[in-house]
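Hi,

Here is the structure I promised to pass on. Have a look at it first, and my notes on what turned up follow below.

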Amino acid sequence: MKVLVVGGGGREHALIRKIKESPRVDSVACCPGNGGISYDAKCYNVAATDIDGVVKLAKEIKADFVVVAPDDPLVMGMVDALNKEGFKTFGPSSAAAIIEGSKVFSKNLMLKYNIPTAGYKVFDKADEVIDYLKEKNEFPAVIKADGLALGKGVIIPETLDDAIAGVKEIMEDKIFGASGNNVVVEEFLTGPEVSVLAFTDGKCVKPMVSSMDHKRALDGDRGLNTGGMGTVSPNPYYTDEIAKECMERIFLPTINAMNSEGRTFKGCLYFGLMLTPKGPKVIEYNCRFGDPETQVVLPRLKTDIMDIFDAINNETLSDLDIEWSDDACSCVIMASGGYPKSYPKGIEITGLENGQLDGVTVYHAGTAINDGKLVTSGGRVLGVTALGATLEDALKKSYDGVEKIKFDGAHYRKDIGQKALKAAVNGK
């Protein structure tokens with residue numbers, strides 16, 4: 001088989017490395033890819049959001065299967081366009097991808113079908129949001145742009161002044177473009193966060209192993225929100241008992257709700273959960289593999305991923321036994337200095353050979369090759385990932401790897417996984 005993967009970040013690199021393990025796959029292509037991905041797949045300079053360009057490329061290279069990984073092209077209908085041309089695909093239709101494409105849609109869906117989530121109100125005028133926030137006067141508050149915003153469309157202001165400034169940025173300054181035409185204001189939930197990715201064929205749900213993301217830029221969960229500074233798997237807070245409750249109250253009801261709405265979801269559905277004192281609640285849905293959660297979940301997958309993709313296409317997922325390794329996995333993100341605000345690009349990266357390093361797997365998120373040299377080209381640059389018999393083992397390998405990789409201004413958190421280690425020790 002020849003497989004085409006659409007996208008160019010760390011998640012796509014993790015998918016490509018896993019796809020290459022399949023004995024059924026002869027070659028992998030990627031568009032647009034990145035410097036590090038080019039060591040593992042033939043990269044084509046076609047944007048991930050260029051639907052016509054991707055369909056044309058799939059025809060030219062005679063792809064047997066196309067994996068559409070990022071949110072934007074899924075919401076725009078890339079899978080629909082590929083299916084219309086006869087290509088087998090992995091990823092939801094545009095009608096199903098709205099579960100991530102619109103926060104307003106997903107919140108209304110949960111309300112309608114009694115799926116536990118935070119209380120909320122929807123607004124389309126900045127002054128009305130500000131009046132509501134003044135009246136409620138409860139902080140921290142949670143304010144979300146309705147549409148896609150590269151994983152950064154959520155602000156959690158601690159004061160009314162911060163909230164007003166945030167609302168103006170989203171709704172008046174349009175820092176997220178049209179995604180900020182509407183906003184959702186939610187109650188602030190407390191408790192451990194858990195990310196659970198799940199394979200589904202629209203009938204059956206097969207959750208993957210759990211993970212814990214670290215969104216804040218700085219140690220101790222301080223600093224600005226990012227796309228994710230690191231992940232560990234499993235998440236010790238996600239017990240078998242909680243998993244059972246989530247299946248009964250969240251996972252299956254969500255799939256059934258989407259079917260009832262005529263929006264059958266086939267692909268990977270990401271559940272961002274908060275384990276509150278009143279039980280698990282949905283913080284957000286994503287219509288695709290999470291980044292950087294994928295980087296710690298897929299290394300633990302033992303089953304051939306192409307068999308899973310086929311079963312989803314054929315709606316026979318319930319017949320497939322998906323196996324996972326008992327090992328723990330950790331991923332430490334090395335970011336450009338200044339991320340998630342402005343940062344330089346084109347800085348040489350040293351310490352890697354053909355993009356990799358012995359003892360760890362390096363997933364490339366923001367790299368390029370210029371004049372034969374590997375250089376930075378994004379905010380999140382590398383995900384240094386390791387498996388271990390215990391989480392401590394995995395983290396030691398990841399951080400040993402980080403120490404050997406150099407680029408000017410490299411920034412990473414020193415405390416990835418520490419909360420998980422403490423939780424495991426305390427038996428929570």
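Let me start with a proline: P340 sits in the loop between β18 (328–335) and β19 (361–364). The peptide bond that joins Y339 and P340 is cis, with omega about 15°. The loop between β18 and β19 also holds N354, whose phi is near 50°, a positive value in a residue other than glycine.

Before going further, some housekeeping: this is a predicted model, where local features need pLDDT of at least 70 and side-chain atom pairs count only at pLDDT 80 or more, while totals for chains, interfaces and linings use all residues. Residues are numbered from 1 along each chain as its sequence is written, and side-chain values use heavy atoms, with hydrogens and water left out.

There is another cis peptide bond, between F139 and P140, with omega about 0°. You will find P140 in the loop between α7 and β7 (142–145).

That brings me to the helix pairs. Axes are lines fitted to C-alpha atoms, for helices over the stretch in contact, and angles run from 0 to 180 degrees between N-to-C directions. For the wording, under 35 degrees is roughly parallel, over 145 roughly antiparallel, 65 to 115 roughly perpendicular, and the rest oblique.

Take α7 (residues 126–136) and α8 (residues 160–171): their axes come within 10 Å and cross at roughly 165°. That makes α7 roughly antiparallel to α8. On the α7 side the contact (heavy atoms within 4.5 Å) involves A126, V129, I130, L133 and K134, which meet L160, A163, I164, V167, K168 and M171 of α8. Sorted by class, the contact of α7 with α8 has nine nonpolar, no polar and two charged residues. The classes are Ala, Val, Leu, Ile, Met, Phe, Trp, Tyr, Cys and Pro as nonpolar, Asp, Glu, Lys and Arg as charged, and the others, Gly among them, as polar.

Helices α12 (residues 391–404) and α13 (residues 418–425) also cross at roughly 165°, and their axes come within 11 Å. α12 and α13 are therefore roughly antiparallel to each other. Here α12 passes α13 in a left-handed crossing. L391, E392 and L395 of α12 make the contact with Q418, A420 and L421 of α13. By class, that contact of α12 with α13 has four nonpolar, one polar and one charged residues.

Now for α1 and α11, which pack at an angle of about 100° with their axes 8 Å apart. The two helices, α1 and α11, are therefore roughly perpendicular to each other. L15, K18 and I19 of α1 touch I305, M306 and F309 of α11; by class, the residues of this contact are five nonpolar, no polar and one charged.

What else involves α11? A salt bridge joins the side chains of R24 and D307 at 2.7 Å, N to O. R24 lies in the loop between α1 (10–20) and β2 (27–32) and D307 in helix α11 (residues 305–314), so the pair ties together parts that are 283 residues apart in sequence. The whole structure has 26 salt bridges, counted as a side-chain nitrogen of Lys or Arg within 4 Å of a carboxyl oxygen of Asp or Glu.

On to the strands, which pair if DSSP finds at least two bridges between them. An open sheet of four strands runs β11-β10-β16-β17, with antiparallel pairing. β11 (205–207) and β17 (279–286) are at the edges with a single partner strand each, so one side of each is left without a neighbour in the sheet. The twist averages 35° from one strand to the next. In this sheet, β10 (residues 193–200) and β16 (residues 267–276) run antiparallel, joined by eight bridges; F199 has C268 of β16 as its bridge partner. Helix α9 (residues 240–260) packs on the sheet and touches β10, β11, β16 and β17, its direction making about 130° with that of β16.

R216 has N225 of β14 as its bridge partner. Three residues lie between the strands of this β13 and β14 hairpin, and G220 takes a positive phi near 75°.

Cheers

How values were computed:
A crossing is left-handed if the near helix is turned anticlockwise from the far one by less than a right angle, and right-handed if clockwise.
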